[in-house]
Amino acid sequence: MQSSWKQFLVSLAVMGIVALSAQPSMAHPHVFIDMKTAFRFDDEGRLEALRITWIFDEFYSAYAVDGAPKANGAYDEKYLALLAEENLKNLAEWNYFAEVTSGGTPVETGEALDGLSTWNEETGRLSLTFTLPLKVPQAASAGTAVDVRIFDPSYYITIDYVSDEPVSLAGGQHQGCSVAIAVPEVEQVWTSLPESAFTNPDNRLGANFASTATLNCGPEKS
Amino acid sequence: MKRIAPAALLLALTICAFGSVAWAQHALPIPGGSPAEAPGMFSGIMRYIMAMQQDYYRSMAGALRAVNLQGSLAAAWTLASLSFLYGIFHAAGPGHGKVVVASYILADEREVRRGILVAFLSALAQAITAITAVGLLSLALGLTHRATAGAVPYIERASFALIACLGAWLIWRAVRGGLEHGHPHGHHHDHGHEHAHLPTPAELKKAKGFKEMAAMILSVGLRPCSGAVLVLLFAVTQGAFLIGAASALIMSLGTAITVSVLAVLTVFSKNAALRIARRMDSPWAARIEPILMAGGGAIILLFGVLLFAGTFTGPASPLL
């Protein structure tokens, strides 16, 4: 008598664990982007734009260029130009996944410029590069550091900085400026987020996994 | 008799357990939204493991390219290991017939060995469907990546419709069986005991259950494994369909292991529940088998209908 109950309850308990462990169509990234960002300054040392490069994963890359005319290992330039244009048109609705703040206050960004798609035959990966101008150039002095986060709120796409030279400074005057990248502890994020972060799309799941690039200029604040 | 209570509790527990599997596999809208609660430690860790499957997935692309370009044994070994591991974790996510396999076992299966067989055959069938679908559409018909991926929901829809039919069939069988069983006996005499000890002739049971088993494998197997489809589509773009097919088959071994675990647990808990029921002296306990069959059938039917309805909405992303 006892053993049957035990077997029943133990099996049921383990089944429950197996069942609950599989989260309801849990959101997880399907597209992986490696990112590089150049911070571009104007002559007065203010941040005026971000030149962002996204290198797509092999799966997405193959998907994006599938059926495109190709000669000598290079895809048709017209096709790639059209691809960049179309991608940026779609991304505009999402503000290119960018979130810029200065001293914690949101900074408005404009329409993407100079979009460019390139194909790397050796790695089989597609890249998209575009310039995201700030509507009002920002001076990143002590106390008003500029924070940049680029992420897909739905976390369908994960965007991570490359390990080798993830950021650079470009353009006019940027002496004394530096960018620090804060990467969230991914394991910690996965294990500590509440259930609702995964089930409610309004919760912008992707924000939890987003790296923050912080631009600081001038003397260090003590 | 007071014994009705434990029997009813048992049934409720079993059906709840399956309901939760069904729920966990398919996000049903929760009225009022879910409260913000910290996850249990276990579900948090499982989530992280699930996230790790994406790393395997991503690495498979590079591994497949390496096998294709270098053709080295080391590269092949890497791809095989990645495919296998990805399969194990991938199957823990939605799909792969876990709910249907478990509910089917609840309804109509008692042997551990057959439970495992069902799990492996369904996984293999899902891989074969993926290979056939991508092979036919992408390779033979020359459809693009996009068009092939776009055709998959139609194949899935057929699978879901079959799943719903299987559920309806099981319910019908249970009701018919329950009626045949219930009528000739008077309600005043204690038939639960004597009947429960009668062994069902194994051969008869097997011959009878074979149709359902085949129907189950067919309906589940018609839904291509989503992981396999992605790898195969990628393989086609690399001109390496056969490498992709090999990867898909190895992946199905991994998914079969995960589904088997659930299948074995289901067989264990069902058999234990049946043993307990046999010792109970209540009319409910005597009818436990048709009730389980109807319950399992109802879950399969509901699940099939939900999945079928779910194929008409899809996620939107600016890059796709």
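Helices (H or I, at least four residues) and strands (E, at least two) are DSSP runs, numbered from the N terminus. By that convention Gly244(B) lies in helix α10 of chain B. The model is predicted: local features need pLDDT of at least 70 and side-chain atom pairs count only at pLDDT 80 or more, whereas totals for chains, interfaces and linings use all residues. Residues are numbered from 1 along each chain as its sequence is written, chains are lettered from A and ligands numbered from 1 in the order in which they are written, and side-chain values use heavy atoms, with hydrogens and water left out.

**Chain B overall**

- Chain B contains twelve helices and zero strands, and its elements from the N terminus on run α-α-α-α-α-α-α-α-α-α-α-α.
- Of the 320 residues of chain B, 49% count as buried, where buried means under 20% relative accessible area, exposed over 50%, and partly exposed in between (1.4 Å probe, protein chains only).
- Among the contacts in chain B with a separation of 6 or more, 86% are between residues 24 or more positions apart; contact means heavy atoms within 4.5 Å.

- The buried residues of α4(B) include Lys98(B), Ser103(B), Tyr104(B) and Asp108(B).
- The axes of α4(B) (residues 98-108) and α10(B) (residues 241-279) come within 9 Å and cross at roughly 25 degrees. That angle makes α4(B) roughly parallel to α10(B).
- Axes here are lines fitted to C-alpha atoms, for helices over the stretch in contact, and angles run from 0 to 180 degrees between N-to-C directions. Angles under 35 degrees count as roughly parallel, over 145 as roughly antiparallel, 65 to 115 as roughly perpendicular and the rest as oblique.
- The crossing of α4(B) and α10(B) is right-handed; a crossing is left-handed if the near helix is turned anticlockwise from the far one by less than a right angle, and right-handed if clockwise.
- On the α4(B) side, the residues that meet α10(B) are Lys98(B), Val101(B), Ala102(B), Ile105(B), Leu106(B), Ala107(B) and Asp108(B). Their counterparts in α10(B) are Val259(B), Leu262(B), Ala263(B), Thr266(B), Val267(B) and Lys270(B).
- The residues of this contact between α4(B) and α10(B) divide into nine nonpolar, one polar and three charged. In this scheme Ala, Val, Leu, Ile, Met, Phe, Trp, Tyr, Cys and Pro count as nonpolar, Asp, Glu, Lys and Arg as charged, and the others, Gly among them, as polar.

**Other surroundings of α10 in chain B**

- Helices α10(B) and α12(B) (residues 288-310) pack at an angle of about 145 degrees, with their axes 11 Å apart.
- Lys270(B), Ala273(B), Leu274(B) and Ala277(B) of α10(B) meet Ile288(B), Glu289(B) and Leu292(B) of α12(B). This contact of α10(B) with α12(B) comprises five nonpolar, no polar and two charged residues.
- Gly244(B) is buried, with a relative accessible area of 0%.
- Leaving aside neighbours within four places in sequence, Gly244(B) is in contact with Leu64(B), Val231(B), Leu232(B) and Ala235(B).
- The C-alpha atoms of Gly244(B) and Phe234(B), ten residues apart along the chain, are separated by 7.8 Å.

**Cysteines**

- The count comes to one disulfide over all chains, a disulfide being a pair of cysteine sulfur atoms within 2.5 Å.
- This disulfide joins Cys177(A) to Cys217(A), with an S to S distance of 1.9 Å. The torsion about its S-S bond is about 110 degrees, so the disulfide is right-handed.
- The pair links distant parts of the chain, 40 residues apart: Cys177(A) is in the loop between β11 (167-171) and β12 (178-182) of chain A, and Cys217(A) is in the segment after β13 (212-216) of chain A.
- Cys177(A) counts as buried at 13% relative accessibility, as does Cys217(A) at 10%.
- In chain B, Cys165(B) is partly exposed at 49%, whereas Cys225(B) is buried at 6%.

**Tyrosines of chain A**

- Tyr60(A) is found in helix α2 (residues 58-65) of chain A and counts as buried at 5% relative accessibility.
- Tyr60(A) and Val31(A) are 29 residues apart in sequence and 6.4 Å apart in space, C-alpha to C-alpha.
- Tyr96(A), in the loop between α3 (77-92) and β5 (98-102) of chain A, has a positive phi of about 55 degrees although it is not a glycine. Tyr96(A) is buried, with a relative accessible area of 4%.
- Tyr155(A), in the loop between β9 (146-150) and β10 (157-161) of chain A, has a positive phi near 65 degrees. Tyr155(A) counts as buried at 7% relative accessibility.
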